[in-house]
Amino acid sequence: MELFWGYENENYTATVTEAISGFFRYYDPRFAPQNTIITMDYPTIRPIERGCEGYKKQFYNVCTVVLRYVLSCMLIGKSLGARAQEEDYKKMKQAVRVSTEELESVLCHLLEQWMDSAFNNNEKLYWYLSGDVHEFAVYLELWAEHNFP
């Protein structure tokens, strides 16, 4: 996993490097997908409850991490998998200097493009993933304003 970085988060790292491959060892998508039991202690994008734990022990929605990465790359016109450069952060700060509503609209449009090109315009997946757009837009604005990591 050469390009993977777990942000020093123990749960995220263990999930990506160990748990996912363990899950697929027993998963039978063709004949018995309903018989595979998983224990994923991660919040969904549309959460019921939220907890706040220490950074290195915090649980992340892995889907949200991927979604935000893809939308960020699309927002600044960067290829997926390319290393971030200082110029990318400048482009991102410029791109998010709009109202929250406008940024949400742009992110939703990018999400629609991604759904169309990669997921055959899957409306249910779009609905689910769009649940993170507002929070991500606010995060980007705060990041640009306060230089969050």
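This report walks through the helices, ring pairs and charged contacts of one predicted protein model.

## What you're looking at

Because the model is predicted, local features need pLDDT of at least 70 and side-chain atom pairs count only at pLDDT 80 or more, while totals for chains, interfaces and linings use all residues. Residues are numbered from 1 along each chain as its sequence is written, and side-chain values use heavy atoms, with hydrogens and water left out.

## The overall build

The chain has six helices and zero strands, giving the pattern α-α-α-α-α-α along the sequence. Here, helices (H or I, at least four residues) and strands (E, at least two) are DSSP runs, numbered from the N terminus.

Of the 149 residues in the chain, 28% are buried. Buried means under 20% relative accessible area, exposed means over 50%, and partly exposed is in between (1.4 Å probe, protein chains only). A contact means heavy atoms within 4.5 Å. Among contacts in the chain with a separation of 6 or more, 56% are between residues 24 or more positions apart.

Helix α4 covers residues 100-118, which is 19 residues. From first C-alpha to last it reaches 26 Å, close to the 27 Å expected at 1.5 Å a residue (the expected span is 1.5 Å times one less than the number of residues).

Which residues of α4 are buried? They are T100, L103, L107, L110, L111, W114 and M115. Looking down the axis of α4, you'd find its buried residues within an arc of 140°, so they line one face of the helix. That arc is taken from the directions from the helix axis to the C-beta atoms. An α-helix has 3.6 residues a turn, so residues three or four places apart point the same way.

The buried residues of α4 pack against α2, α3, α5 (123-129) and α6. On the other side of α4, E101, D116 and S117 are exposed. After α4 comes N120, with a positive phi near 50°.

## Two aromatic pairs

Searching the whole structure turns up two aromatic pairs. Rings of Phe, Tyr and Trp (its six-membered ring) pair if their centres lie within 6.5 Å; planes under 30 degrees apart count as stacked, over 60 as edge-to-face and the rest as tilted. Y89 and W143 make a tilted pair, because their ring centres are 6.4 Å apart and their planes are at 45°. Y89 belongs to helix α3 (residues 86-95) and W143 to helix α6 (residues 133-146), so this pair ties together parts that are 54 residues apart in sequence. Y89 is partly exposed at 40% relative accessible area, whereas W143 is buried at 9%.

The other pair, W114 and F119, is edge-to-face: 5.2 Å centre to centre, with 85° between the planes. W114 is buried, with a relative accessible area of 16%, and F119 is partly exposed at 34%.

## Charges over rings

A charge sits over a ring if NZ of Lys or CZ of Arg is within 6 Å of the ring centre and within 35 degrees of the ring normal. K93 lies over the face of W143, 5.5 Å from the ring centre. The charged end of R68 sits over the ring of Y139, 6.0 Å from its centre.

R68 is part of helix α2 (residues 62-76) and counts as buried, at 18% relative accessibility. What joins the side chains of R68 and D132? A polar contact of 2.8 Å does. A polar contact is a pair of N or O atoms within 3.5 Å; within protein, one must be able to donate a hydrogen and the other to accept it, and residues adjacent in sequence count only if both atoms are side-chain atoms. Setting aside neighbours within four places in sequence, R68 is in contact with D132, E135, F136 and Y139.
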